[in-house]
Amino acid sequence: MALPDLSIRRPVATAMAFLAIVMLGIIAFTRLPVDLLPDVAFPTLTVWTQYPEAGPAEVERFITEPIERAVSRVPGVKSVSSVSREGASQVQLQFLWGTDMDFATLNVRERLDNVRYDLPERAERPTILRSDPTSEPVMTLAATSETTDLWELKQLSENVFKRRLEQIDGVALNAANYSAPGGTIRRGRYRYSLRALGEFQAVDEIGETVVGRSTGGTIVLLRDVAQVEDGFADRETIARYSGRESVGLLLYKEAGTNTVRVAERVEDILDQLRAEYPEVELEVATSQAGFIRDAISNVVQALAFGAVLAFLVLFLFLHDARYPVAISLSIPISVILTFGLLYAFDVSLNIMSLGGLALGVGMLVDNSIVVLENIFRHRERGMGAAAAAALGAREV
């Protein structure tokens, strides 16, 4: 039995099936992530390693080449390229399309951990960077205060504001400021490991660092040749909000999460922080959520406006409200069903997917007109309404 015949002969079952589809679509719609553009991430990883005070040749020999040999054996790697410059190494990995980048990142991290102790001691730990065109901050916050010192505001932002927001999903001598293993000692049947603790605990201890000996054998301390004080590093950037100096916080979202909902949760946390710290003004300088809401709203309005115009045009030419009403009911049901499919295939609501829905509404109206015309042709030949509907839809 064809689908049109079954739908006409079993009206109650058909109605229940459509009701179930609508319910599933509504539930899926409430859980769909909302973003501006689809989640498109290129399958590339970048390994960034700093090697201070080393020339390009040294960086290439002692940093870049060992890392290249290690990561080139990671499954799914298509090509490896690198750039060695003064004080830094950059190794870029290109993976095959379809590679699970989460597992690829773990594999690269394991390979890097295996060669970590083969790198020079002065080299910093390699950092893995993901290539994501959507990895821009979704919100920029500005913290200002009339009564709190800028340094205290910075400390408050790092120790309190930053940590609270993360929960929603200076100058030293390396040779003296160092902790290292000190070997082992045996006592009876047991062997104990030792560790030499040489890290500075206070600023005054830096001045006691030995920097040399005079010709007479006298020890020369750092405080004898320099002035040691607890101060500030030279400022390289200045953040201002509404003409006032402020501390800026950039918020990034996790991949696949709902930007609008993340922004709403941030606003809730900001309200709590404002109540706990009334002396600090926490303002949202920029937010993608508002732009995304406007963009999505414009697309939804265009979709609804097109559906209404299609109904009016059909009513104008058919001079019968029954046929346009049938088409008008099929449009929202089809759209709601699509929400369920979007959720099943992990597709977010964005201007691309909603634009496809708008295009689909137009195609649905076109196809419906062809079906209606064929049904109307059979009605003119004297066929009954149910028989004409079944035969006309089945033929198309």
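Hi everyone, let's start with a pair of helices: α2, residues 11-31, packs against α10, residues 322-344, at an angle of about 55°, and their axes are 7 Å apart. Axes here are lines fitted to C-alpha atoms, over the stretch in contact for helices, with angles running from 0 to 180 degrees between N-to-C directions. Helices are DSSP runs of H or I with at least four residues, strands are E runs of at least two, and both are numbered from the N terminus.

This is a predicted model, where local features need pLDDT of at least 70, side-chain atom pairs count only at pLDDT 80 or more, and totals for chains, interfaces and linings use all residues. Residues are numbered from 1 along each chain as its sequence is written, and side-chain values use heavy atoms, leaving out hydrogens and water.

Which residues of α2 and α10 meet? On the α2 side they include F18, I21 and F29, and on the α10 side they include I333, L337 and Y343; contact means heavy atoms within 4.5 Å.

Next, α5, residues 150-166. Where does α5 bend? It bends by about 40° at S157, the bend being the angle between axes fitted to the seven residues ending there and the seven starting there. S157 is also one of the buried residues of α5, along with L153 and F161. Buried means under 20% relative accessible area, exposed over 50%, and partly exposed in between, using a 1.4 Å probe and protein chains only. The buried residues of α5 pack against β5, β12, α8 and β13.

Last stop: S353 in α11, residues 351-380. S353 counts as buried because its relative accessibility is 14%. Leaving aside residues up to four places away in sequence, S353 touches V347 and S348.
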